[in-house]
Amino acid sequence: MSSRLRGKNVLITGASSGIGEACARHFAQAGSNLLLAARRKDRLEKLKAALESQHPQIKISTFELDVRNRAKVLATAATFGDVDVLVNNAGLVIGLEKLEDITEEAMDTMIDTNVKGLVHVTQAVLPGMRTRDKGHIINIGSVAGHQAYGNGSIYCGSKAAVASITKALLFETIDTAIRISEINPGMVETEFSVVRFKGDKSKADSVYKGVHPLDGNDIAETVVFVAGRPDHVNIAEMLVFPTNQA
Ligand code: NDP
């Protein structure tokens, strides 16, 4: 593990499960202090207790935060202190339906969380990074933002927006020492997968088609690797697939 991450303050959104929780474990292993945010505070508290007993030298704070609530995000960010690394991971998919069948509620929830939520947290943290002229923002996109698929229009669109926002941010910070990265997972077995297939295993099997999915640790290891490069190295974009996913 990279000693460059020891003592860094790492904010992870969506740290209560899946990839975000795995990121928390891997940054803790690297000696980073953690700011863990999600709506399910009970899950964050459990994770904090487990990580504190394994890594007594690190500081961990938890924040009950809905990234869709811009005012709350900005108010909460005032208590974060200096954030060295922001992992914009909070995100979701609600069902996968034909465009004409998607409800307004599902559409709003995906766009408000995956796109606007990511922007809210970035707006809260980036000014501090600019003032200190250092920091790293790592956005968790998706292969879906680069390869659209049927029945995934809004989710794919939301992740395509993340890809564009990430690239624009790269240009907007080009005259600073701030690093901007996008990591795009393929299929990862998390709670997200249960929601995506509404617990329907045969539907899941038909989509996975024998692919052995990644798990949260596979992505967390990548995130920690990207964050742990020297300050002059920015890995701007990565696609991380299961070996047999096309
Ligand atoms: P999980 O469902 O396991 O985790 C999603 C996390 O996002 C949870 O911690 C959840 O916390 C949080 N979250 C959801 N909505 C909000 C909100 N409004 N405010 C704050 N936090 C929120 O799924 P994954 O770990 O798989 O997903 C993590 C990221 O990875 C997402 O951005 C997803 O799009 C992306 N991704 C996942 C892939 C996969 O195959 N699993 C593939 C490609 C990308 P809580 O409910 O407690 O708020």
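## Starting inside helix H1

Let's begin with alanine 22, which sits in helix H1. This is a predicted model, so everything here describes a computed structure rather than an experimental one. Is alanine 22 buried or exposed? There are 24 other C-beta atoms within 10 Å of alanine 22, so the residue is buried, since 20 or more is what it takes to count that way.

Setting aside residues up to four places away in sequence, alanine 22 touches Gly216, Asn217, Ile219 and Ala220. Threonine 173 is 151 residues from alanine 22 along the chain, and their C-alpha atoms are 28 Å apart.

## The chain as a whole

Now zoom out. The chain contains eight helices and nine strands. Its C-alpha trace spans about 45 × 40 × 35 Å along the principal axes. How does the radius of gyration fit with a compact globule? A compact globule of 246 residues would come out near 18 Å, and the chain has 17 Å, so the two agree.

Of the 246 residues, 40% count as buried. Contacts also reach across the sequence: taking those in the chain with a separation of 6 or more, 75% are between residues 24 or more positions apart.

The chain has a mean pLDDT of 95, with 97% of its residues at 70 or more.

## Around the ligand

The ligand has 30 residues around it, and the ones that come nearest are Gly14, Gly18, Arg39, Gly91 and Phe192. Three helices each give at least two residues to this shell: H1 (18-29), H4 (104-132) and H6 (191-196). What classes of residue make up the shell? It has 14 polar residues, 11 nonpolar ones and five charged ones.

## The nonpolar cores

Which residues touch the most other members of the largest nonpolar core? That core has 51 residues, and the answer is Ile12, Ala24, Val87 and Val223. Take isoleucine 12 as an example. Leaving out neighbours within four places in sequence, its contacts are Gly20, Cys23, Ala24, Leu34, Leu36, Ala37, Val87 and Asn89. Another core lies apart from the largest one; it has seven residues, including Val93, Leu96, Ala144 and Cys156.

## Two residues of strand E6

Strand E6 covers residues 179-185, and isoleucine 180 is part of it. Isoleucine 180 counts as buried because it has 25 C-beta neighbours inside 10 Å. Beyond its neighbours within four places in sequence, isoleucine 180 is in contact with Ile137, Thr166, Leu169, Leu170, Thr173, Asn234 and Ala236. Glycine 228 is 48 residues away along the chain, and its C-alpha atom is 13 Å from that of isoleucine 180.

Proline 185 belongs to strand E6 too. Proline 185 is buried, since 25 other C-beta atoms lie within 10 Å. What does proline 185 contact once neighbours within four places in sequence are left aside? The list is Ser142, Val143, Leu214, Ile219 and Val240. As for tyrosine 208, it is 23 residues from proline 185 along the chain, with 14 Å between the C-alpha atoms.

## Two positive phi angles

Finally, have a look at two loop residues. Aspartate 133 lies in the loop between H4 and strand E5 (136-140). Its phi is near 50°, a positive value in a residue that isn't glycine. Aspartate 133 has 11 C-beta neighbours inside 10 Å, so it counts as exposed.

Asparagine 151 is in the loop between E5 and helix H5 (153-172). Asparagine 151 isn't a glycine either, yet its phi is positive, at about 65°. Why does asparagine 151 count as partly exposed? Because it has 15 C-beta neighbours inside 10 Å.

How values were computed: Residues numbered from 1 in each chain as written. Predicted model: local features only at pLDDT ≥ 70, side-chain atom pairs only at ≥ 80, totals over all residues. Near = placed C-beta within 6 Å. Helix = DSSP H or I, 4+ residues; strand = E, 2+ residues; numbered from the N terminus. Nonpolar A, V, L, I, M, F, W, Y, C, P; charged D, E, K, R; others polar. Buried ≥ 20, exposed ≤ 12 C-beta atoms within 10 Å, placed from the backbone. Core = buried A, V, L, I, M, F, W, Y, C linked by C-beta atoms within 7 Å. Contact = placed C-beta atoms within 7 Å. pLDDT = per-residue confidence, 0-100. Rg over C-alpha atoms; globule rule 2.2 N^0.38 Å.
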